[in-house]
Amino acid sequence: MECIVKYGTWNVKERSAAAEAALRRSGYGPLTAAVLAARGYDTPEKARSFLLADGPLEDPFVLQDMDKAAGRIRRALAQGEAIAVFGDYDVDGITATCLLTEFLQSQGGNVTYYIPARIEEGYGLNQAAIASLRARGVSLIVTVDCGITADEEAAYCREQGIDLIITDHHECRDVLPPAVAVVDPHRKDQPGPTRCLAGVGVAFKLAAAIVGSQEAILQRFADLLCLGTVADVMPLTGENRAFVIRGLQALAENPRPGLAALMAECSCDGHCLTASTIGYTLAPRINAAGRMGKVTLASELFLTRDESRARELARRLCALNRQRQEVEAEIYQEALSMLARDGAGNAIVLAGEHWHQGVIGIVASRLAEEFACPAYLICLDGEKGKASSRSYGGFNLFASLEAQSARLESYGGHELAAGFTILRREIDTFRTAVDAMARDFAASGQRKAALEIDCAIDPALLTESNILALDQLEPCGAGCPKPVFFLDGLTVEQLSEVGGGRHLRLRLSGSGHSFGAIFFSTTALRAGVAVGDRVEIAFTPQINEFRGVKSVQLNLVDIRPDRESRQRSGTGRALYDKFTAGQPLTPEEAAALTPDRADFTALWRYLVAQAKANQVQEDISCMSRKLARAGSPMPPGRIRICLDVLEERGLLTKEVVRERSRIRLCAPKGKKVNLGDSPILQTLKDQKAGD
């Protein structure tokens, strides 16, 4: 059970009042100006340059081997060779495949495309597919969004007399595959700063290098470039931002038939389309094709010019997405049952028989967020397993797989998401190793657990016009997140749970203002708030419309007690720190810190009730407030002592960073534990007596 005081630290940025005023004078709304100033775009010129991203695009030939790749493809086009574009089955890979295929066909090329079946073939190049393409007369294969770790497959291409060009954007090993050209912004010998292009972005650069005009390619393929860039969570800065801006315009003004049909099926208004709409509405439906083994539905959707066929494909994609959601729910529940039985460590490594390989990545992402640790899920089939993994808190997945490469059959990806193949007999050893790596990473202090807040604001600025003006920041996404603001001095006036008890609706007041707020995916119990509490909030504002009435709504990102309440908790922490540092306490201090049997009973019952998969993740101050409301008041310092004693006696293990605790229950079955034997309690007892 996680208390939704998610972040041990809130970093509220400072901003220059002069910069903010200058931005407002240049036409930015008050809230928009505050965000831009806080993010360092402190002059109208800097703000405009960032937001419009209308500078010249970078020359494609700055990418290593681009000259070789473009030259070889030009020769293939001139000689009428059979070319195959070999892609990946996610949105980025599908859009890259369709972009390059359609482009090469427009150049008169004899072109086919190949996207492997996720379940039967797995990710990337494989020898059976290469042999099949060779039998069809293909003499040149160009990969998009894959291939950077395909050493054996590249060698096999050579044996078969096929030239191979690799274009990818995933992490590279020290030695590159033996191909005619390898174009990847992450090549270790690539000069200059790392370029965060999506796979479709690299495909775009290749097409532009061949034809000699980036503008011509952008004008034709901005829609596909936008979709792949957003879906693969690339930072919306620089060139990527330009791609997305142009793509959103294309989707609004002249969408290709397939995308027009998909938007209609999802009830998306193209003129109101945002990067968030792509990420949360369109991309999951396109991804469903690859996940559920029907990837050609998505590729055909992009390439068809038949409006009737486009509508049919869009309907089928939406139906597949609903099926994917059902399968995902089944795997998720099975994973939770495993964790309830075995517990979750510093990293989750689960293996299931006949899990759906196309869906486990989504489940891994859910588990990583829920249990605040990296998650690796493995689909077992015979003696092998195929896995997907997702990061948490900045843990580098690709580096973890590199470190365990001797135990893996294959692997690839990047620091936030990666896949691999592993023998069944190696899973336990792998689990132990990555658990230790995740533990060391958390202990190093590198784990990112801070909430980045753009700025504190005057509540008087939360007007409909000012909030609507935040659209000046669009497109928002990675690298340009939706703004998060800070308000303090608020009182909780009303609480209610909505959406079948899944979400928390609040009424907050302060400084003569009153606001409606919503905290998605939580409850009053999880948030640790009650009517009358004084709180601070981090939130994103929006305009909510209900039955024709518009109002300001605050979408909460986090909520916590106000400064005075935290200072009271801090006093208890200071006493606890004094004791654990070995400094003697006065009898009065020792008495305040010493728990009695009722304290242990109340805390243990609370932990058991709140545990999910034998784990509780919670802010200690939040825990203290909940216990007080349940009739068992206990200051945070005493809770810490209780947890130390319970850990000392083998009833739990814990990790506490600042106020954030992660507790795993491990009570020995059938064995009574005498807490009175605790050396911690004996020391407190002696100091309480003045000894």
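1. Basis. The model is predicted: local features need pLDDT of at least 70, side-chain atom pairs count only at pLDDT 80 or more, and totals for chains, interfaces and linings use all residues. Residues are numbered from 1 along each chain as its sequence is written, and side-chain values use heavy atoms, with hydrogens and water left out.

2. Helices α12 and α15. Helix α12 spans residues 257–265 and helix α15 residues 307–342. (Helices are DSSP runs of H or I with at least four residues, strands are runs of E with at least two, and both are numbered from the N terminus.) The two pack at an angle of about 45 degrees, with axes 8 Å apart. That angle makes α12 oblique to α15. (Axes are lines fitted to C-alpha atoms over the stretch in contact, and angles run from 0 to 180 degrees between N-to-C directions; under 35 degrees is roughly parallel, over 145 roughly antiparallel, 65 to 115 roughly perpendicular, and the rest oblique.) The crossing is right-handed. (In a right-handed crossing the near helix is turned clockwise from the far one by less than a right angle; anticlockwise is left-handed.)

3. Their contact. From α12 come Pro257, Gly258, Ala261, Leu262 and Glu265. From α15 come Glu307, Ala310, Arg311, Ala314, Arg315 and Cys318. (Contact means heavy atoms within 4.5 Å.) By class, this contact has six nonpolar, one polar and four charged residues. (Ala, Val, Leu, Ile, Met, Phe, Trp, Tyr, Cys and Pro count as nonpolar, Asp, Glu, Lys and Arg as charged, and the others, Gly among them, as polar.)

4. Helices α5 and α14. Here α5 (residues 91–106) packs on α14 (residues 295–303) at about 45 degrees, with axes 10 Å apart. The pair is therefore oblique, and the crossing is right-handed. Ile94, Thr95, Cys98 and Glu102 of α5 meet Val295, Ala298, Ser299, Phe302 and Leu303 of α14. The classes are six nonpolar, two polar and one charged.

5. Cavities. There are three cavities of 30 Å³ or more.

6. Backbone. The Glu474 to Pro475 peptide bond is cis, with omega near 0 degrees. Pro475 sits in the loop between α19 and β14. Val233 has a positive phi, near 55 degrees, and lies in the loop between α10 and α11.

Notes
1 Å grid on protein atoms, 1.4 Å probe; cavity = no way out; pocket = protein on both sides within 12 Å on 5 of 7 lines; lining within 4 Å. Points joined across faces, edges and corners; volume = space filled by probe spheres on them.
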